[in-house]
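I opened a new notebook page for this structure. These entries record what I looked up, in the order I did it.

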Amino acid sequence: MAEYIPSNHVQEDVMAFLLTSPTPQEIIAFHASDEAQVRLRYLLEANRNGTLSDTERAELDDATYTNRFVMRLKAKARQMLKNA
């Protein structure tokens with residue numbers, strides 16, 4: 001299993017990013033921090049192995065929701081640029 005490295009949650013990365021009032025181009029280019037990506041890989045691997053705790057399951061569910069939100073946000077930014 002991947003090594004667990006505590007890091008900021010994906011949601012915190014997204015909130016901090018959105019507070020910078022990003023442009024549509026910056027939204028499209030946004031990626032979670034390396035630390036958050038390592039944490040997500042850990043959670044996904046633990047999920048595949050069936051070793052997630054209840055707390056980790058909730059964290060993975062929150063990250064999944066946040067990822068969907070960011071995907072929709074990026075799609076909206078692309079559409080905004082296309083229509084400009």
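**Entry 1: aromatic rings**

I searched for aromatic pairs and the count came to one. My rule pairs rings of Phe, Tyr and Trp (its six-membered ring) when their centres lie within 6.5 Å; planes under 30 degrees apart count as stacked, over 60 as edge-to-face and the rest as tilted. The pair is Phe17 with Phe30, and it is stacked, because the ring centres are 4.4 Å apart and the planes stand at 25 degrees. I noted both values, since a pair of aromatic rings is described by the distance of the centres and the angle of the planes.

Where do the two rings sit? Phe17 lies in helix 1 and Phe30 in the loop between helix 2 (24–29) and helix 3, so the pair ties together parts that are 13 residues apart in sequence. Helices here are DSSP runs of H or I with at least four residues, strands are runs of E with at least two, and both are numbered from the N terminus.

A caution on the model before I go further. It is predicted, so I keep in mind that local features need pLDDT of at least 70, side-chain atom pairs count only at pLDDT 80 or more, and totals for chains, interfaces and linings use all residues. Residues are numbered from 1 along each chain as its sequence is written, and side-chain values use heavy atoms, with hydrogens and water left out.

**Entry 2: around Phe17**

Is Phe17 buried or exposed? Phe17 counts as buried, at 16% relative accessibility. Phe30 is buried too, at 13%. My cut-offs: buried is under 20% relative accessible area, exposed is over 50%, and partly exposed is in between (1.4 Å probe, protein chains only).

I left aside the neighbours of Phe17 within four places in sequence. Phe17 is then in contact with Pro22, Glu26, Ile27 and Phe30. Contact means heavy atoms within 4.5 Å.

**Entry 3: the whole protein**

I counted four helices and zero strands. Along the sequence the pattern reads α-α-α-α. The C-alpha trace spans about 45 × 20 × 15 Å along its principal axes. The protein has 84 residues, and 26% of them count as buried. Of the contacts with a separation of 6 or more, 67% come from residues 24 or more positions apart.

**Entry 4: helix 4**

I compared the span of helix 4 with expectation. Its 30 residues should span 44 Å at 1.5 Å a residue, and its end C-alpha atoms are 44 Å apart, which agrees. The expected span is 1.5 Å times one less than the number of residues.

Which residues of helix 4 are buried? I list Glu56, Glu59, Leu60, Ala63, Thr66, Val70, Lys74 and Ala77. Their cover includes helix 1, helix 2 and helix 3. Ala58 is also in helix 4, but Ala58 counts as partly exposed, at 37% relative accessibility. Ala58 and Leu19 are 39 residues apart in sequence and 25 Å apart in space, C-alpha to C-alpha.

**Entry 5: pocket and cavity**

On a 1 Å grid over the protein atoms alone, a cavity is a set of points where a 1.4 Å probe fits but cannot get out; a pocket is an open set with protein on both sides within 12 Å along at least five of seven lines; lining residues have an atom within 4 Å of a point.

The largest pocket holds about 270 Å³. Its lining has 15 residues, with Val10, Ala32, Leu40, Ala63 and Asn67 nearest the centre. Helix 4 gives the most, seven residues. By class I found 10 nonpolar, four polar and one charged. Nonpolar covers Ala, Val, Leu, Ile, Met, Phe, Trp, Tyr, Cys and Pro; charged covers Asp, Glu, Lys and Arg; the others, Gly among them, are polar.

There is one cavity of 30 Å³ or more. The largest cavity has a volume of about 50 Å³. Among its 10 lining residues, His9, Val10, Arg39, Leu40 and Glu59 are closest to the centre. Helix 3 gives the most to this lining, with four residues.

**Entry 6: a loop residue**

Ser21 is in the loop between helix 1 and helix 2. Ser21 is not a glycine, yet its phi is positive, about 55 degrees. Ser21 is exposed, with a relative accessible area of 61%.

Terms used. Points joined across faces, edges and corners; volume = space filled by probe spheres on them.
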